[in-house]
Amino acid sequence: MGKVKAERQSELDKLHFDYAECKIEMDEFISKLTALGIDSPADIEEHRLNAEEARYDYKVSQHQNKF
């Protein structure tokens, strides 16, 4: 994997983790996706769905850790 591609993937991963951990909201998530060059509606929707699923999993695991 090229250096630029690896950096972009690293930024995408961080973006997904930040959203999953409720550090940012969806509007900021989409704004940052667009800044990374992801601007097709289908690609944005795919990332949005993955991020929503990751956020759900994170919240469920946080809830389970309380008990």
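This is a predicted model: local features need pLDDT of at least 70, side-chain atom pairs count only at pLDDT 80 or more; totals for chains, interfaces and linings use all residues.
Residues are numbered from 1 along each chain as its sequence is written, and side-chain values use heavy atoms, with hydrogens and water left out.

Now the overall layout. The protein has three helices and zero strands, and the pattern along the sequence reads α-α-α. Helices here are DSSP runs of H or I with at least four residues, strands are runs of E with at least two, and both are numbered from the N terminus. The C-alpha trace spans about 45 × 25 × 15 Å along its principal axes. Of the 67 residues, 22% count as buried. For that word, buried is under 20% relative accessible area, exposed is over 50%, and partly exposed is in between, with a 1.4 Å probe and protein chains only. As for contacts, meaning heavy atoms within 4.5 Å, take those between residues at least 6 apart in sequence: 51% of them join residues at least 24 apart.

Which of its residues are buried? Met 26, Phe 29 and Leu 33 are. They sit on the same side of α2, because they cover an arc of only 55° around the axis, the arc being taken over the directions from the helix axis to the C-beta atoms. And what covers those buried residues? The cover includes α1 (3–20) and α3 (41–66). Just after α2 comes Gly 37, with a positive phi of about 95°.

The largest nonpolar core has ten residues in all: Leu 12, Leu 15, Tyr 19, Ile 24, Met 26, Phe 29, Leu 33, Ile 38, Ile 44 and Ala 51. Each of α1, α2 and α3 supplies at least two residues of this core. By nonpolar core I mean a set of buried Ala, Val, Leu, Ile, Met, Phe, Trp, Tyr and Cys residues joined through side-chain atoms within 4.5 Å. As background, nonpolar side chains tend to be buried together in soluble globular proteins.

Next, the rings. There's one aromatic pair in the structure. The ring centres of Tyr 19 and Phe 29 are 5.4 Å apart with their planes at 45°, so the pair is tilted. The cut-offs: rings of Phe, Tyr and Trp (its six-membered ring) pair if their centres lie within 6.5 Å, and planes under 30 degrees apart count as stacked, over 60 as edge-to-face and the rest as tilted. Tyr 19 is in α1 and Phe 29 in α2, ten residues apart, and the pair links distant parts of the chain. Tyr 19 counts as buried at 3% relative accessibility, and Phe 29 counts as buried at 0%.

Arg 55 takes us back to the salt bridges. Arg 55 forms one with Glu 25, the closest N and O atoms being 3.8 Å apart. Arg 55 lies in α3 and Glu 25 in the loop between α1 and α2, so this pair ties together parts 30 residues apart in sequence. Arg 55 is buried, at 10% relative accessible area, whereas Glu 25 counts as partly exposed at 47%.

Another salt bridge joins Asp 18 and Lys 14, with the closest N and O atoms 2.7 Å apart. Both lie in α1, four residues apart, about one turn of the helix.

Last stop, that α1–α2 loop: Cys 22 lies there, and its phi is near 60°, a positive value in a residue other than glycine.

Notes. A salt bridge is a side-chain nitrogen of Lys or Arg within 4 Å of a carboxyl oxygen of Asp or Glu.
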